[in-house]
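Here is a short note for a colleague who has not seen this structure before. The points below go through it in turn.

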Amino acid sequence: MGKKMSMVALDKYEKRLSVDVRVFVKYEKRADAAGISVAAAMNAVLDDEVANDPWTREDEQRARAIIDANFEKRETKKAKKGIR
């Protein structure tokens with residue numbers, strides 16, 4: 001058994017969502033033209049959409065909680081696999 005595992009970056013939140021297939025196909029084309037992944041293309045639009053929203057102390061606390069939970073998940077996965 002190898003010691004490599006794919007893990008989401010600690011400062012990312014993995015969210016599964018359903019997208020209309022027509023929208024997905026358009027994003028595939030957009031991403032291909034830009035030489036980036038579909039996820040990166042979608043994230044750019046999401047980032048732009050919330051760019052002017054205020055960032056509050058509560059938002060910072062929520063973000064910290066997500067990062068901490070991601071770290072705990074990562075450590076649990078590593079322990080199960082025997083990775084230090």
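1. A salt bridge here is a side-chain nitrogen of Lys or Arg within 4 Å of a carboxyl oxygen of Asp or Glu. The model is a predicted one, and by this rule it has three salt bridges.

2. An α-helix has 3.6 residues a turn, so residues three or four places apart point the same way. R64 is partly exposed at a relative accessible area of 44%, and D68 is partly exposed at 39%.

3. Helix 3 also holds the pair E75 and K78, three residues apart, again about one turn of the helix. Their closest N and O atoms are 3.4 Å apart, and the two form a salt bridge. Is K78 buried or exposed? K78 counts as buried, because its relative accessibility is 16% and the cut-off for buried is under 20%.

4. Helix 3 itself covers residues 57–81, which is 25 residues. From its first C-alpha to its last it reaches 36 Å, close to the 36 Å expected at 1.5 Å a residue. Its buried residues are I66, N70 and K78. After helix 3 comes G82, which has a positive phi near 80°.

5. The salt bridge between D20 and R22 has its closest N and O atoms 3.2 Å apart. D20 is partly exposed, with a relative accessible area of 39%. R22 is exposed, because its relative accessible area is 59% and exposed means over 50%.

6. Which residues form the nonpolar patch on the surface? They are L17, V19, V21, V23, F24 and V25, and together they have about 480 Å² of accessible area. Of these, V25 lies in helix 1, which runs over residues 21–34. V25 counts as partly exposed, at 38% relative accessibility.

7. Two remarks concern the aromatic rings. The structure holds zero aromatic pairs. The ring of Y27 does have a charge over it: the charged end of R30 sits there, 5.3 Å from the ring centre.

Note on methods
Residues numbered from 1 in each chain as written. Predicted model: local features only at pLDDT ≥ 70, side-chain atom pairs only at ≥ 80, totals over all residues. Heavy atoms only, no water. Patch = residues over 30% accessible without salt bridge, like charges linked within 9 Å, V, L, I, M, F, W, Y side chains within 5 Å. Areas by Shrake-Rupley, 256 points an atom, 1.4 Å probe, with all protein chains shown as cover. Helix = DSSP H or I, 4+ residues; strand = E, 2+ residues; numbered from the N terminus. Buried < 20%, exposed > 50% of the residue type's maximum accessible area, 1.4 Å probe, protein only. Phe/Tyr/Trp six-rings, centres within 6.5 Å; stacked < 30°, edge-to-face > 60°. Lys NZ or Arg CZ within 6 Å of the ring centre and 35° of its normal. Expected span 1.5 Å × (residues − 1).
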